[in-house]
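Biologist: Hello! I am new to this structure and would like to know how its descriptions are reached. Could you take me through them?

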Amino acid sequence: MDDHTTDQTRKPRADAVRNRERVLEAAKAVFNAGGPEASLEAVAKRAGVGIGTLYRHFPTREDLFEAVYRREVEQLSELAEQLKNASDPVDALRRWLRSGVEFVATKKGMVATLALAVQSGSELHAFSFERLTKAIGSLLDRAAAAGAMRADVSPEDLLRAFFGMCYMHDQPGWQSSVLRMLDVFVDGLRVQPAMKAKVRASAKPAKPAAKRKR
């Protein structure tokens, strides 16, 4: 097989990958906006592809929703890895949680169709729970190890609180409200100066008792 033929066989695969990524990125934006305009036709139009191309990659609406969901989870996992070396571990956790709000917004836009796929016990539920717990746990552990955040909060506790804040708000503009609450919540988890002094004092070895003069 000559080089020209090889290029011809490889190019469609590269185009297909690019088209798939364009569809996923467009779907994220469309589902994030939600509402009656969040249709597959709107996704195809935003991606700049025909509806037939969309269906070749994602034969059903559920296939597309699940692919978007998995991609969002993977991106949050990658973000946690990038933030692990940030100079301020508390700010790193805050930035991750703020990015998580966008993930929830996308998920809300497709919640009706995705509900069965992410029900407790499903493979997709296990996939997301494992990765999100690991991601937030790595940032939480680093902040606690630095003495900047309480060490008695588990990744599961933090995720439950986070999703609780997101899903108790359904009115337009809910993201802004949640972001404000997140700032208050994260600041509340900080180890306060008095607590830091107490922790440092308890970590110091006890001084030997002074010998009495005879």
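Modeller: Gladly. Let us begin with a pair of helices: the axes of H4 and H5 cross at roughly 175° and come within 10 Å.

Biologist: Why is H4 called roughly antiparallel to H5?

Modeller: Axes are lines fitted to C-alpha atoms, for helices over the stretch in contact, and angles run from 0 to 180 degrees between N-to-C directions. Angles under 35 degrees count as roughly parallel, over 145 as roughly antiparallel, 65 to 115 as roughly perpendicular and the rest as oblique. The angle for H4 and H5 is roughly 175°, and that makes the two helices roughly antiparallel. Their contact includes Leu-76 and Leu-79 of H4, and Trp-96 and Phe-103 of H5. Contact here means heavy atoms within 4.5 Å.

Biologist: What should I keep in mind about the model itself?

Modeller: The model is predicted, so local features need pLDDT of at least 70 and side-chain atom pairs count only at pLDDT 80 or more, while totals for chains, interfaces and linings use all residues. Residues are numbered from 1 along each chain as its sequence is written, and side-chain values use heavy atoms, with hydrogens and water left out.

Biologist: What makes a stretch count as a helix, and how many helices are in the protein chain?

Modeller: Helices (H or I, at least four residues) and strands (E, at least two) are DSSP runs, numbered from the N terminus. By that rule the protein chain has ten helices and zero strands.

Biologist: How do you know how H7 and H8 are set to each other?

Modeller: H7 and H8 pack at an angle of about 110°, and their axes are 9 Å apart. H7 and H8 are therefore roughly perpendicular to each other. Among the residues that meet are Phe-129 and Leu-132 in H7, and Leu-159 and Phe-163 in H8.

Biologist: What is the volume of the largest pocket?

Modeller: The largest pocket has a volume of about 250 Å³. Phe-129 and Phe-163 are among the residues closest to its centre. H8 gives the most to the lining of this pocket, with five residues.

Biologist: How do you know which residues of a lining count as charged?

Modeller: Asp, Glu, Lys and Arg count as charged; Ala, Val, Leu, Ile, Met, Phe, Trp, Tyr, Cys and Pro as nonpolar; and the others, Gly among them, as polar. The lining of the largest pocket has eight nonpolar, two polar and three charged residues. For the second largest pocket, of about 160 Å³, the lining divides into two nonpolar, two polar and six charged residues.

Methods:
1 Å grid on protein atoms, 1.4 Å probe; cavity = no way out; pocket = protein on both sides within 12 Å on 5 of 7 lines; lining within 4 Å. Points joined across faces, edges and corners; volume = space filled by probe spheres on them.
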